[in-house]
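Hi there,

Here is the structure I promised to pass on. Please have a look when you get a moment; my notes come after it.

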Protein chains: 2
Amino acid sequence: MAVYTEVPDEDLTRFLAEYDAGRLLSFKGIAEGVENTNYIVHTDRGSFILTLYEKRVDPKDLPFFLGLMEHLSGKGVTCPLPMHDRQGRSLGTLCGRPAALMTFLEGVWVRRPAVGHCRSLGTTLAAMHKAALDYPGERTNALSVEDWRPIFAAVADRADTLQAGLAAEMEAELTYLEANWPQDLPLGVIHADLFPDNVFFLNSRLSGLIDFYFACRDALAYDIAVCLNAWCFEPDLSFNVTKARAMLTAYADRRPLTTAEAAALPLLARGAAMRFFVTRLYDWLNHPPGAFVRPKDPLEYARRIRFHRSVGSAGEYGLD
Amino acid sequence: MAVYTEVPDEDLTRFLAEYDAGRLLSFKGIAEGVENTNYIVHTDRGSFILTLYEKRVDPKDLPFFLGLMEHLSGKGVTCPLPMHDRQGRSLGTLCGRPAALMTFLEGVWVRRPAVGHCRSLGTTLAAMHKAALDYPGERTNALSVEDWRPIFAAVADRADTLQAGLAAEMEAELTYLEANWPQDLPLGVIHADLFPDNVFFLNSRLSGLIDFYFACRDALAYDIAVCLNAWCFEPDLSFNVTKARAMLTAYADRRPLTTAEAAALPLLARGAAMRFFVTRLYDWLNHPPGAFVRPKDPLEYARRIRFHRSVGSAGEYGLD
């Protein structure tokens, strides 16, 4: 939600001159992206997004992310397409930071997804998984099951300030997840952060996906589990099985789940909820007072974990 | 530098339906405007700026500001043009706040203005003053000479924490300005905040003015004095008389200054510097720790005041 790097007009003009992107008409910093600085750039050729990668992104990972967006675009999965400069590079440098210029993806993210949106999400998620099967890039998930405990451990002593007993409950949950985490599920490239604000719609049609900066190679069904958490709970945290059924059915129509994937889904959903619980808990207990970005409530994910613990099989999510 | 109000997609769609502005393609909060929330909106008809007026703007003033932009646009002074809804209103309501949809003005503000930019500014400032002569709206300057002392008084006891002797110096300066402030200069509608970030250029041509939310009726020459402060000092705070001469000459070519205006210019420049000194000092000493918006250094304006005190006549600014 911030512009971390102020780009002077002369620097941007020099940067754009490296691309065949037209003449600069305007640029404005946009209040999106917790990790990076983003500008919307208008030129006489159209609209672009300029991203400057800030400290929280490892520059070594950028070729994986940018290459993935190109790969997906080339296979018809709509997402921002990195522009190449005259030397053929998609990654440049601006104001001392790695920077990329991308096509602007029109669309609006839906604050209150309906069943139809969840159905479209399922279809596109499966299409993305299939399109990325032959993507050669490698990046391990830096926020997988073995990474949750160290994040939790850093703030566990203060967890009970949010809710009595929370530390012990999540400690036990982590132990369970670590001991039972499925190992042999089909792997592929996953988005890993496909929340509603990363999925654009035009009218009721899904127009594209953005923000691939958590993408990695991991169990494909884990991506589904993230979406179950992100799309299928109501504001009061009740689980909407109609939305989940629509998403899972649409996904399975394009890419049927294996028996092992279906069986693992409740556990994967617990794990996906834990992943967001631990990072939110950490941010909640570590944000500077008065900081501009208000941290998100970790307890919403504690409640999701408890819900998923009560689920006996993927059928309860609506999967046939 | 912030999005104070998050607009949900459904609310914006309903709001846009009141206008003949096309179908929503995308909208992003932009990190501009200290006072208001701004979104850049793309529709199938083009780009727009959506502004939600936050607490620091008095809703009673909005018809003056919006009417002025329409008036200036109609006379060829390029600025954002408020759209009218189907009932003919330029001011609507969105998320409980007054809101206006405006045409998007392409252009880039120049971080390091050159002499040519200052010349263009002078020409456009005079054109704006002349175009607004028959604007019927009334709004007094809420930050004129009588308003500076109360702002200063609220923080004067801490002014010396910035610089020893600052409180006494500025106290005396205020007394001098109050006693000698010119009363009979030609009046008109002034922008009152025409800093480089409110003036857009395309290539080297001035493409338009934005942010009329300090506009008011006051001495026209005071607007020139604001621009002398905002455009004609180098980053090391040395005064660039070549830039000032270019600006003043271009202005006077379109609208010759009266003898009284020319004579008053050094005093007006001291006052304009004081206006920004007191508000910056106030913000500097009152911003919450850890706040996202970093306050601007008031001492830059103390130094400008001292420079203008040393100026004997408008000729020293380069005015013939």
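Below is what I found, taken one place at a time.

Please keep in mind that this is a predicted model.

I started with a helix pair in chain B. Helix H4 (residues 145–153) of chain B packs against helix H9 (residues 259–286) of chain B at an angle of about 30°, and their axes are 9 Å apart. Because angles under 35 degrees count as roughly parallel, H4(B) is roughly parallel to H9(B). The crossing of H4(B) past H9(B) is left-handed. On the H4(B) side, the contact is made by Trp148(B), Ile151(B) and Phe152(B). Their partners in H9(B) include Gly271(B), Met274(B), Arg275(B), Phe277(B) and Tyr282(B). By type, the residues of this contact between H4(B) and H9(B) comprise eight nonpolar, two polar and one charged.

Next, a loop residue in chain A. Asn36(A) sits in the loop that links strand E1 (24–30) and strand E2 (37–43) of chain A. Is Asn36(A) buried or exposed? Its relative accessible area is 4%, and buried means under 20%, so Asn36(A) is buried. A polar atom of the Asn36(A) side chain lies 3.4 Å from the backbone nitrogen of Glu54(A). Leaving aside neighbours within four places in sequence, Asn36(A) is in contact with several residues, among them Ala2(A), Tyr4(A), Leu52(A), Val57(A) and Tyr213(A).

Last, a glycine in chain B. Gly46(B) belongs to strand E3 (residues 46–52) of chain B, and Gly46(B) is partly exposed, at 26% relative accessibility. Gly46(B) and Phe27(B) are 19 residues apart along the chain, with 12 Å between their C-alpha atoms.

Best wishes

Notes
Residues numbered from 1 in each chain as written. Chains lettered and ligands numbered in written order. Predicted model: local features only at pLDDT ≥ 70, side-chain atom pairs only at ≥ 80, totals over all residues. Heavy atoms only, no water. Axes fitted to C-alpha atoms, helices over the stretch in contact; angles between N-to-C directions. Helix = DSSP H or I, 4+ residues; strand = E, 2+ residues; numbered from the N terminus. Parallel < 35°, antiparallel > 145°, perpendicular 65-115°, else oblique. Left-handed = near helix turned anticlockwise from the far one by under 90°. Contact = heavy atoms within 4.5 Å. Nonpolar A, V, L, I, M, F, W, Y, C, P; charged D, E, K, R; others polar. Buried < 20%, exposed > 50% of the residue type's maximum accessible area, 1.4 Å probe, protein only. Polar contact = N/O pair within 3.5 Å; in protein donor to acceptor, adjacent residues only side chain to side chain.
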